[in-house]
Amino acid sequence: QVQLVESGGGLVQPGGSLGLSCAASGSFLSINNMAWYRQAPGKQRELVAVIRSDGRTNYLDSVKGRFTISRDNAKNTEYLQMNSLKPEDTAVYFCNAFVITTTQGIAYEYWGQGTQVTVSS
């Protein structure tokens, strides 16, 4: 069984910075795409950033230039560095990964438990 365990999050003032991490554990062969999503109260979950196995990244327009997604393949961990945070960034952040668990090469999607990020003065 694969687990994604998040850490980080919390309360930060507008303009501040916060970092999230997500470590994959369990039995698997490799990880394809890794991503961060967020869900604000009353809103749908949205994709914030994605990083592919080759390191290519994509970002939600509203976070471009402020957020940076990265991964450490040796540690099976992804990170999200969030700078210049705004109140509208307040949400529960979820990590996401497509994990290959068998030699058949099929990737299964896994989610972290979510971590609250609150941007407020």
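**The nonpolar core.** W36, V48, F67, L80, M82 and Y93 touch the most other members of the largest nonpolar core, which contains 29 residues. Two or more of its residues come from each of the elements β3 (18-25), β4, β5 (46-51), β7, β8, β9 and β11 (115-119). Strand β9 gives the largest share, 5 residues. The model is predicted: local features need pLDDT of at least 70, side-chain atom pairs count only at pLDDT 80 or more, and totals for chains, interfaces and linings use all residues. Residues are numbered from 1 along each chain as its sequence is written, and side-chain values use heavy atoms, with hydrogens and water left out. A nonpolar core is a set of buried Ala, Val, Leu, Ile, Met, Phe, Trp, Tyr and Cys residues joined through side-chain atoms within 4.5 Å. Strands are DSSP runs of E with at least two residues, numbered from the N terminus.

**Surroundings of V48.** V48 is one of the core residues that touch the most other members. Leaving aside residues up to four places away in sequence, V48 is in contact (heavy atoms within 4.5 Å) with W36, Y37, R38, N58, Y59, L60, V63, F67, L80 and Y93. Among these neighbours, W36, F67, L80 and Y93 also belong to the group of core residues with the most contacts to other members.

R38 belongs to strand β4, which spans residues 30-39. R38 counts as buried because its relative accessible area is 6%, the cut-offs being under 20% for buried, over 50% for exposed and in between for partly exposed (1.4 Å probe, protein chains only). The R38 side chain makes a polar contact of 2.7 Å with the side chain of E46, and another, of 3.0 Å, with the side chain of Y93. A polar contact is a pair of N or O atoms within 3.5 Å; within protein, one must be able to donate a hydrogen and the other to accept it, and residues adjacent in sequence count only if both atoms are side-chain atoms.

**The salt-bridge network.** Salt bridges link R38, E46, R66 and D89 in a network. A salt bridge is a side-chain nitrogen of Lys or Arg within 4 Å of a carboxyl oxygen of Asp or Glu, and the whole structure has 5 of them. E46 and R38 form one through their side chains, with an N to O distance of 2.7 Å. E46 is partly exposed, because its relative accessible area is 31%. R38 also forms a salt bridge with D89, where the closest N and O atoms are 3.0 Å apart. This pair joins distant parts of the chain, with R38 in strand β4 and D89 in the loop between β8 (77-82) and β9 (91-100), 51 residues apart. R66 and D89 meet through their side chains in a salt bridge of 2.8 Å, N to O. That pair likewise links distant parts of the chain: R66 lies in the loop between β6 and β7 (67-72), D89 in the loop between β8 and β9, 23 residues apart. R66 is buried at a relative accessible area of 10%, and D89 is buried at 0%.

**R45 and two aromatic rings.** The charged end of R45 sits over the ring of F94, 3.8 Å from the ring centre. R45 also lies over the face of W111, at 4.7 Å from the centre of that ring. A charge sits over a ring if NZ of Lys or CZ of Arg is within 6 Å of the ring centre and within 35 degrees of the ring normal.

**Y59 in strand β6.** Y59 is found in strand β6, residues 57-59. Y59 is classed as partly exposed because its relative accessible area is 23%. A polar atom of the Y59 side chain lies 2.9 Å from the backbone nitrogen of I69. Beyond residues up to four places away in sequence, Y59 touches V48, A49, K64, F67, T68 and I69. Y59 and A35 are separated by 24 residues in sequence and by 9.7 Å in space, C-alpha to C-alpha.

**T115 in strand β11.** T115 is placed in strand β11. T115 is buried, because its relative accessible area is 12%. A polar atom of the T115 side chain lies 3.0 Å from the backbone oxygen of G8. With residues up to four places away in sequence not counted, T115 touches E6, G8, G9, L20, A91, V92 and Y93.

Key
Helix = DSSP H or I, 4+ residues; strand = E, 2+ residues; numbered from the N terminus.
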